[in-house]
Amino acid sequence: ITGLLADSRRRPTLARLAVEVAVAAWITATLGPIAMITLPGAPPLPLGNLAWPVTMLWILVVIESLAALDHVDGMVACAGVIGGTIALVGGWMIGSSVMVLLAAFVAAAAGGLLVFNWDPSRIVMGRSGSGFVGTLLAAIPLAFQPADARSSLLVPMVLCLWPLIVDLLVSMPFRIGGRAATSGERAPLLIDRLTRAGAIHAQAVLFFGTLAAAGGLAGVWAYGKPTSAVSVFLPPLAALIAPALVAGAVLWLRARPRTV
């Protein structure tokens with residue numbers, strides 16, 4: 001409902017965030033918070049009293065990350081395909097047929113939409129669709145059982161969504177403290193700078209999608225081999241290399257003349 005209202009008329013960012021906080025609280029109360037975070041090759045890190053705030057923050061960030069990119073043709077649908085596939089692999093690894101089917105539904109539905117939403121799009125997802133996909137991707141890891149599987153599979157999901165999350169965090173000061181907070185205007189994103197520099201939506205989506213898929217596969221591989229020495233360094237190494245690639249691509253595209 002909030003997405004439909006935002007699609008029909010600009011709504012203040014803070015008002016939309018208030019509704020999303022309530023949704024995050026409801027999901028956390030229904031599925032349970034993330035009690036611990038398990039990194040490959042490291043002992044579990046109990047969250048204690050931070051379990052609820054961390055879980056709600058995760059849900060809120062994922063919803064806003066995808067909702068912020070609804071204007072980029074194919075980006076949200078591509079994220080749904082990649083995120084659903086990573087969740088499907090995680091469900092298969094723990095032997096949960098229910099989670100495999102749910103993740104397959106998300107990936108297949110997003111893939112079917114991607115055919116029509118690819119640049120140039122014939123169907124626009126809007127904030128209503130992008131917010132719903134973000135809610136699904138944020139809630140799927142919380143539905144995994146037992147709790148240790150939930151905490152372990154959260155890492156691959158974070159790594160497969162990291163380009164979108166980083167893009168959101170960069171623009172968050174403008175969303176909360178700028179005109180977007182009261183007027184509902186869009187805050188500038190890194191992917192918008194890519195398109196303004198001359199890249200079309202398809203190129204930007206392929207670039208972000210490649211980084212997302214690489215991060216998700218690295219997280220799944222590390223989760224499958226938790227005792228491997230390489231798995232300990234693979235996620236942080238990917239987190240260091242990927243931003244350098246993004247920065248290099250932005251600088252390279254800025255130097256190119258705008259083309260039609």
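A: The protein chain has a secondary structure of twelve helices and two strands, where helices (H or I, at least four residues) and strands (E, at least two) are DSSP runs numbered from the N terminus. This is a predicted model, in which local features need pLDDT of at least 70 and side-chain atom pairs count only at pLDDT 80 or more, while totals for chains, interfaces and linings use all residues. Residues are numbered from 1 along each chain as its sequence is written, and side-chain values use heavy atoms, with hydrogens and water left out.

Read from the N terminus, the elements of the protein chain follow the order α-α-β-β-α-α-α-α-α-α-α-α-α-α. Of the 260 residues in the protein chain, 47% are buried, buried meaning under 20% relative accessible area, exposed over 50%, and partly exposed in between (1.4 Å probe, protein chains only). Among the contacts in the protein chain with a separation of 6 or more, 74% join residues 24 or more positions apart, a contact being heavy atoms within 4.5 Å.

The largest nonpolar core has 52 residues, such a core being a set of buried Ala, Val, Leu, Ile, Met, Phe, Trp, Tyr and Cys residues joined through side-chain atoms within 4.5 Å. The residues with the most contacts inside this core are Trp-58, Ile-59, Leu-66, Leu-69, Met-75, Leu-137 and Ile-191. One of them, Leu-69, touches Met-75, Val-76, Leu-164, Asp-167, Leu-189 and Ile-191, if residues up to four places away in sequence are not counted.

Turning to the helix pairs, helix H3 (residues 51–67) and H6 have axes that come within 8 Å and cross at roughly 145°; axes here are lines fitted to C-alpha atoms, for helices over the stretch in contact, and angles run from 0 to 180 degrees between N-to-C directions. The crossing of H3 with H6 is right-handed, a term for the near helix being turned clockwise from the far one by less than a right angle, with left-handed used if the turn is anticlockwise. On the H3 side the contact is made by Trp-58, Ile-59, Val-62, Ile-63, Leu-66 and Ala-67, and on the H6 side by Arg-127, Ser-130, Gly-131, Val-133, Gly-134, Thr-135, Leu-137 and Ala-138. These residues divide into nine nonpolar, four polar and one charged, with Ala, Val, Leu, Ile, Met, Phe, Trp, Tyr, Cys and Pro counted as nonpolar, Asp, Glu, Lys and Arg as charged, and the others, Gly among them, as polar.

Helix H4 (residues 75–94) also packs against H6 (residues 126–139), at an angle of about 15° and with the axes 10 Å apart. H4 and H6 are therefore roughly parallel to each other, given that angles under 35 degrees count as roughly parallel, over 145 as roughly antiparallel, 65 to 115 as roughly perpendicular and the rest as oblique. The crossing of H4 and H6 is left-handed. Val-76, Ala-79, Gly-80, Gly-83 and Gly-84 of H4 make this contact with Ser-130, Val-133 and Leu-137 of H6, and by class it has four nonpolar, four polar and no charged residues.

Gly-90 also lies in helix H4, and at 1% relative accessibility it counts as buried. Leaving out residues up to four places away in sequence, Gly-90 touches Phe-144 and Leu-153.
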